[in-house]
Amino acid sequence: SESNDHISNNNNGRRHCHQWSHDDHFRAALWIAPTWFMANWTYNASLASTSITSSTVLASTGSLFTFMFAVCSKDERFAWLKLAGVLLGVLGR
């Protein structure tokens with residue numbers, strides 16, 4: 001697909017990634033950085049109007065929401081082992 005131009009299949013059908021150039025990293029950072037900064041800013045702003053408990057719950061379940069979003073957007077294939085790993089990460093915080 002267009003978004004996975006850096007991924008190709010080898011003779012065994014296994015996927016491998018090509019090395020990213022500095023320009024590739026820079027373009028990715030231009031896309032990610034504004035969203036990342038906005039997310040951190042809104043999280044810090046929300047601390048003024050919520051309890052520490054609910055803030056901690058939201059922060060520690062963020063990986064679960066990310067996994068569910070990736071599965072729903074078909075960017076990640078669901079697997080019970082992946083879900084177990086995410087849940088262990090949530091519980092371990």
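Predicted model: local features only at pLDDT ≥ 70, side-chain atom pairs only at ≥ 80, totals over all residues.
# Notebook: a look around L64 and beyond

I started with L64, which is found in helix α3. Residues are numbered from 1 along each chain as its sequence is written, and side-chain values use heavy atoms, with hydrogens and water left out.

**Entry 1: the overall layout**

I counted four helices and two strands in the protein chain. Along the sequence the pattern reads β-β-α-α-α-α. Next I looked up burial, where buried means under 20% relative accessible area, exposed means over 50%, and partly exposed is in between (1.4 Å probe, protein chains only). Of the 93 residues in the protein chain, 11% are buried.

I also looked up the accessible surface (Shrake-Rupley method, 1.4 Å probe; for residues, only the protein chains shown count as cover). The protein chain has about 8200 Å² of it, and 63% of that belongs to carbon and sulfur atoms. Then came contacts, meaning heavy atoms within 4.5 Å. Among the contacts in the protein chain with a separation of 6 or more, 15% are between residues 24 or more positions apart.

Which residues of helix α3 are buried? Helix α3 runs over residues 62–72, and its buried residues are L64, F67 and A70. They sit on the same side of α3 because they cover an arc of only 130° around the axis. That arc is taken from the directions from the helix axis to the C-beta atoms. I wrote down the general rule too: an α-helix has 3.6 residues a turn, so residues three or four places apart point the same way.

I then checked the other side of α3, and there T66, F69 and C72 are exposed. What do the buried residues of α3 pack against? They pack against α4, residues 80–92.

**Entry 2: the core between α3 and α4**

For a nonpolar core I took a set of buried Ala, Val, Leu, Ile, Met, Phe, Trp, Tyr and Cys residues joined through side-chain atoms within 4.5 Å. The largest one here has five residues, namely L64, F67, L83, V86 and V90. Helices α3 and α4 are the elements that give two or more residues to this core. The largest share, three residues, comes from α4. As background, nonpolar side chains in soluble globular proteins tend to be buried together.

Back to L64: with neighbours within four places in sequence left aside, L64 is in contact with L83, V86, L87 and V90. I also checked L64 against G85, and found them 21 residues apart in sequence and 9.9 Å apart in space, C-alpha to C-alpha.

Leaving aside neighbours within four places in sequence, V71 is in contact with E76 and F78.

After α3 comes K74, which lies in the loop between α3 and α4. K74 is exposed, with a relative accessible area of 74%.

**Entry 3: salt bridges**

How many salt bridges does the structure hold? I found two, with a salt bridge being a side-chain nitrogen of Lys or Arg within 4 Å of a carboxyl oxygen of Asp or Glu.

K82 forms one with E76, and their closest N and O atoms are 2.5 Å apart. K82 is partly exposed at 34% relative accessible area, and E76 is partly exposed at 33%.

R27 and D24 also meet in a salt bridge through their side chains (3.2 Å, N to O). They are three residues apart in helix α1, so about one helical turn separates them. R27 is partly exposed with a relative accessible area of 47%, and D24 is partly exposed with 29%.

W31 is exposed, with a relative accessible area of 71%.
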